Amino acid sequence: VYYLKEKTPGTGYNLDEETHKIIIDENNTKIDIVLEIFKHASLPYIPYKAMLTNDNNKLLIANYGGIYLLPGGKVDHNENTVEALIRELKEETGIIYNINELKYMCKIDYYQKNYPKRNNTVKNRLVKTYYYIGKIKKISNQKQKLTEKEIKGNFKLEYIPLNELEKIIINNKINNPRNIYFQKELLKVIEYYNTYIKNNKK
């Protein structure tokens, strides 16, 4: 895992993706995966997620099929970065955010070797996830617009104390081969978040 920091953090639409960048490449497969992406003219998977906390230092977490995730999702056609996150937050939580309420924190480039797909095949892939931070506002279940997959996967939101979250994630041993990939990234972003908050309180 590598940490790369620049002098000026990126925010909003003028995002500098090299600012506060984390690389996860446990199998040293970066070059191989980049070459594979280039060879097949494919694109990396690029989601946008938010760490939303309240005044009691609890984090809003999505439990989707037993896997713990941060709220958010990928960019739709003709969307900008933060627009995608704002839309996803509205769909998953019923909360309407504006760009000034979400602050860019970091980006994680995760080189995943033999990622298990839903069709029981595996794929080497690069996931570039942008993380933002903000405050939790009142959730409206009536205004949620969950997909059929999310409803079928028993998608639900939970408030979890930050000081208990790491233990809960590590102990979440479910029979889903994709869980370990989400666990590793979520643990890494929580570690970074704690350092980020500490440094910005100075």
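Strand S4 (residues 58-64) is mostly covered in this predicted model, with five of its seven residues buried; buried denotes under 20% relative accessible area, exposed over 50% and partly exposed in between, for a 1.4 Å probe and protein chains only. Strands (E, at least two residues) and helices (H or I, at least four) are DSSP runs numbered from the N terminus. Residues are numbered from 1 along each chain as its sequence is written. Local features need pLDDT of at least 70 and side-chain atom pairs pLDDT 80 or more, totals for chains, interfaces and linings use all residues, and side-chain values use heavy atoms, with hydrogens and water left out.

Two strands are taken as paired if DSSP finds at least two bridges between them. S4 runs antiparallel to strand S9 (residues 156-161), to which six bridges join it; here isoleucine 61 stands opposite glutamate 158. Strand S5 (residues 67-69) is also antiparallel to S4 and is joined to it by three bridges, with alanine 62 opposite leucine 69. The hairpin of S4 and S5 has two residues between the strands, and glycine 65 takes a positive phi near 65 degrees.

Helix H2 (residues 81-93) has 13 residues and reaches 18 Å from first to last C-alpha, close to the expected 18 Å, the expectation being 1.5 Å times one less than the number of residues. Of these 13 residues, 10 are buried, among them Leu85, Ile86, Arg87 and Glu88. Their cover, with contact meaning heavy atoms within 4.5 Å, includes S4, S9, strands S3 (47-53), S6 (72-74) and S8 (122-135), and helix H3 (148-152). Just after H2, glycine 94 takes a positive phi of about 80 degrees.
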